[in-house]
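User: Take me through the labels used for this model. I want the cut-off behind each one.

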Amino acid sequence: MAYSAEISRAHPTCLLFVIDQSGSMSEELEAGATKANFLADVLNKSLMELVIRCKKAEGVLNYFDVGVIAYSGSGVGPGFGGALAGSHLCEISALARSPVRVETRKKRVPDGTGGLVETEVKFPVWFDAQASGGTPMCAALRMAGDLLSDWCREHPHSFPPTVLHVTDGEATDGTEADVEAAAASVVGQATSDGNVLLLNLHVSGGGGETVRFPTTEQAMPGAYAKLLFRTSSLLPEELQRRAAESGMTVRPDSRGYVYNGRLDDVVAFFDIGTRPRLAGGDR
C-alpha cells in the first residue's frame with residue numbers, strides 16, 4: 001500500500017517548504033502581524049519541533065532531510081540563512097546545529113493552579129521574513145521538482161517527500177497552464193512508496209469563507225483557487241488521520257488544499273504536514 005513506508009535513519013523522508021515572499025506578504029493578518037512574519041514564526045517553530053522529535057540520547061538522528069525554497073521579486077532560491085545559506089536541502093542534524101540565531105521570547109504556560117504565567121523560552125531562527133516584488137511561483141515549483149527528482153533517485157524506497165507550499169496570490173511568471181505544469185513536475189516525482197505529496201495553503205488577510213481540504217473544485221470561488229485545488233495531492237490515509245486529529249473534516253477524496261487560510265489554519269497546515277510517523281524501533 002502506498003504511503004506506508006516507515007521513516008528511519010536508513011530510509012529518511014524529505015520535507016520541503018516552498019514559501020511565497022512576494023510584496024503582498026507584507027499585508028497584515030487579523031492579529032496585526034504581517035503574513036510574512038507570522039509565516040516565518042510558524043515555519044521556525046515547525047523546524048524546532050522536528051529537531052526535538054529527532055533528538056535522542058545519542059544526539060539528533062537523521063530521520064528527515066529538510067529544505068526551504070523562497071520566492072519573491074528578488075528571485076527564487078534556498079530560504080535558509082546563516083551557515084546553511086545556499087543549501088537547498090540538509091539533514092535534520094545539520095539544521096539543529098546551524099540556526100541563524102537563537103532569540104529569547106515570552107511564552108505563557110500553565111502555572112499548575114489553573115492560571116497562566118509568563119516565562120522566557122529559547123527560539124531558534126533559521127528562516128527570516130521578507131516581502132518584496134512579484135510572485136515567481138512557476139520557477140519555485142520547477143526548482144522543487146528538480147530537487148526532489150534527485151532526492152527520490154537517491155532514496156528510492158523511502159516515504160516520499162512532502163512539499164508544503166504557502167502563497168497568498170497568483171503567479172506572475174506564467175499562465176495557469178504554466179503553474180499546472182510546474183506543479184506536475186513536483187508530484188510527478190516518486191519513490192516506490194508513492195508520488196511526492198504537494199500541499200497548498202492560500203493565506204488570506206481579508207474576509208471570506210475558509211475552505212479546508214475540499215473534495216471538489218466546485219467548492220472553490222474562482223479559477224485560481226480551482227487551479228490550486230487541482231494541483232494539490234489527494235491526502236493519503238496518514239495525513240487524513242492527522243487532519244482529523246486536528247479537528248478538520250476530511251474524506252477519502254480530500255485534497256491537501258486550504259483556501260483563505262487564517263492564523264489557526266497556518267499552524268494546523270504545518271502541523272499536519274510535518275508529523276509523519278517514525279519507525280518505532282529505530283534508535
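User: What makes helix α7 largely enclosed by the rest of the structure?

Analyst: In this predicted model, 8 of the 11 residues of α7 (residues 263–273) are buried, so the helix is largely enclosed by the rest of the structure. Buried means under 20% relative accessible area, exposed means over 50%, and partly exposed lies in between, with a 1.4 Å probe and protein chains only. Helices are DSSP runs of H or I with at least four residues, strands are E runs of at least two, and numbering starts at the N terminus.

User: Which residues of α7 are buried?

Analyst: They are Leu263, Asp265, Val266, Ala268, Phe269, Phe270, Ile272 and Gly273.

User: What are the ground rules for numbering and confidence?

Analyst: Residues are numbered from 1 along each chain as its sequence is written, and side-chain values use heavy atoms, without hydrogens or water. As this is a predicted model, local features need pLDDT of at least 70 and side-chain atom pairs count only at pLDDT 80 or more, while totals for chains, interfaces and linings use all residues.

User: How do you know how α1 and α7 are oriented to each other?

Analyst: The axes of α1 (residues 35–53) and α7 cross at roughly 30 degrees and come within 10 Å. Axes are lines fitted to C-alpha atoms, for helices over the stretch in contact, and angles run from 0 to 180 degrees between N-to-C directions. Under 35 degrees counts as roughly parallel, over 145 as roughly antiparallel, 65 to 115 as roughly perpendicular, and the rest as oblique. The two helices are therefore roughly parallel.

User: Which hand does that crossing have, and what meets there?

Analyst: α1 passes α7 in a right-handed crossing. That label applies when the near helix is turned clockwise from the far one by less than a right angle; anticlockwise is left-handed. Phe38, Leu39, Val42, Leu43 and Ser46 of α1 meet Leu263, Val266, Val267 and Phe270 of α7. Contact means heavy atoms within 4.5 Å. By class there are 8 nonpolar residues, 1 polar and no charged. Ala, Val, Leu, Ile, Met, Phe, Trp, Tyr, Cys and Pro count as nonpolar, Asp, Glu, Lys and Arg as charged, and the others, Gly among them, as polar.

User: Why are α3 and α4 called roughly parallel?

Analyst: Their axes cross at roughly 20 degrees and come within 7 Å. That angle falls in the parallel class, so the label for α3 and α4 is roughly parallel. Here α3 (residues 137–154) and α4 (residues 176–187) are the helices involved. α3 passes α4 in a left-handed crossing. From α3, Met137, Cys138, Leu141, Arg142, Ala144, Gly145 and Leu148 take part, against Asp178, Val179, Ala182, Ala183, Ser185 and Val186 of α4. The classes are 9 nonpolar, 2 polar and 2 charged.

User: At what angle do α4 and α5 cross?

Analyst: Roughly 15 degrees, with the axes of α4 and α5 within 10 Å. They are therefore roughly parallel too. α4 passes α5 in a right-handed crossing. Glu176, Val179, Glu180, Ala183 and Val187 of α4 meet Ala223, Tyr224, Leu227, Arg230 and Thr231 of α5. This contact has 6 nonpolar, 1 polar and 3 charged residues.

User: What covers the buried residues of α5?

Analyst: The cover includes α3, β9 (162–167), α4, β12 (197–203) and β14 (257–261). The buried residues of α5 (residues 223–231) are Tyr224, Ala225, Leu227, Leu228, Phe229 and Thr231.

User: Is arginine 242 buried or exposed?

Analyst: Buried, because its relative accessible area is 1%. Arginine 242 lies in α6 (residues 237–245). Beyond four places in sequence, arginine 242 touches Ile272, Gly273, Thr274, Arg275 and Pro276. The side chain of arginine 242 reaches the backbone oxygen of arginine 275 at 3.3 Å.

User: What label does arginine 101 get?

Analyst: Partly exposed, because its relative accessible area is 33%. Arginine 101 is in strand β7 (residues 101–110).

User: Which side chains make polar contacts with the side chain of arginine 101?

Analyst: Glutamate 103 at 2.9 Å and aspartate 128 at 2.6 Å. A polar contact is a pair of N or O atoms within 3.5 Å; within protein, one must be able to donate a hydrogen and the other to accept it, and residues adjacent in sequence count only if both atoms are side-chain atoms.
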